[in-house]
Amino acid sequence: MTQVSTPAEAATRITGRAVAEQRSLASAVTEVVLDNGETVVVKRGHARNAIPAEAAGLRWLGDADAVRVPEVRGHEEDWLVTELVGGGRPTHHAAERLGRGLAALHAAGAPAFGAAPPEGPADAWIGLAPMENAPGEDWPRWYAEHRVLPYVRRAVDEGTLDGAEAAVIEQACARLPEVAEPPARLHGDLWNGNVLWGAVEAALIDPAAHGGHRETDLAMLQLFGCPLLDRVLAAYQEVAPLADGWTDRIGAHQLFPLLVHTVLFGRSYAGQAVAAARAVGR
């Protein structure tokens with residue numbers, strides 16, 4: 001049964017410690033100082049499976065021992081408690097370490113494209129949008145069926161995309177590049193807002209973790225701007241060189257986040273999604 005409570009009550013219930021201080025960071029995120037001096041982050045889920053999916057994703061990414069993610073202190077159906085990872089200003093050292101870490105994270109692999117983290121739900125989320133983790137072996141078909149077309153259909157139903165625009169994206173799905181790589185272990189929502197920089201290393205938060213193509217994480221990192229991205233990508237390439245022509249495939253991989261933003265935030269992203277679709281396969 002769902003327990004209705006405050007962040008402080010949830011923190012005490014999950015950690016067994018009393019709360020000394022608390023500070024709201026966002027509508028559903030609170031920084032809490034426990035009575036032993038430890039500072040944790042308490043997050044309330046917005047929908048069914050949101051917290052179990054995030055907790056499983058953080059643990060799966062952490063198991064790769066490649067990039068820093070917040071350690072899960074515990075969770076319930078609606079509440080997640082993690083360690084606090086500090087933010088700061090990006091540095092060349094941290095950017096290069098992030099690039100090498102992402103290469104190692106992706107190389108840790110996944111059982112299939114669309115595989116959920118161990119003990120993670122199939123019906124998961126990317127931000128506030130639902131995301132189905134349904135495994136598949138053929139990347140273009142899986143990506144179209146589970147990362148592109150569900151959001152196209154929703155956008156059409158809600159009037160955010162018109163029929164002609166949807167047709168352009170559907171045609172792009174028939175031109176998606178073939179993949180000769182195994183499924184990678186993806187963060188899954190790797191935009192710059194989910195990268196907390198520090199002088200020594202960056203930490204990644206709020207994953208939508210699943211098995212996918214490694215270029216998808218990198219394309220998402222480029223979509224909304226990332227400090228020192230050239231350093232991140234250069235360090236990545238030193239560890240795990242990307243296949244020839246990867247820059248030509250960026251638009252195909254950005255279809256997923258652009259369509260998610262279209263259904264969440266409206267027409268302002270629809271044009272970008274259609275433009276990315278028109279570039280696929282050219």
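Trainee: How do the residues lining the largest pocket divide by class: how many are nonpolar, polar and charged?

Mentor: Keep in mind that this is a predicted model. The largest pocket has 49 lining residues. By class, that lining comes out as 32 nonpolar, nine polar and eight charged residues.

Trainee: Which residues lie nearest the centre of the largest pocket?

Mentor: This pocket has a volume of about 1000 Å³. Of its 49 lining residues, the ones nearest the centre are Lys 43, Glu 54, Gly 127, Asn 194 and Asp 206.

Trainee: OK, on to cavities. How much space lies in the largest cavity?

Mentor: The structure holds one cavity of 30 Å³ or more. The space in the largest cavity is about 30 Å³.

Trainee: Which element gives the largest share of the lining of the largest cavity?

Mentor: Start with the lining itself: Glu 215, Leu 218, Ala 219, Gln 222, Trp 246, Arg 249, Ile 250 and His 253. Two elements give two or more residues to it, α8 (250-265) and α6 (214-223). The largest share, four residues, comes from α6.

Trainee: How many residues of that cavity lining are nonpolar, polar and charged?

Mentor: Glu 215 and Arg 249 are in the lining, and Glu and Arg count as charged. Overall, the cavity lining divides into four nonpolar, two polar and two charged residues.

Methods
Residues numbered from 1 in each chain as written. Predicted model: local features only at pLDDT ≥ 70, side-chain atom pairs only at ≥ 80, totals over all residues. Heavy atoms only, no water. 1 Å grid on protein atoms, 1.4 Å probe; cavity = no way out; pocket = protein on both sides within 12 Å on 5 of 7 lines; lining within 4 Å. Points joined across faces, edges and corners; volume = space filled by probe spheres on them.
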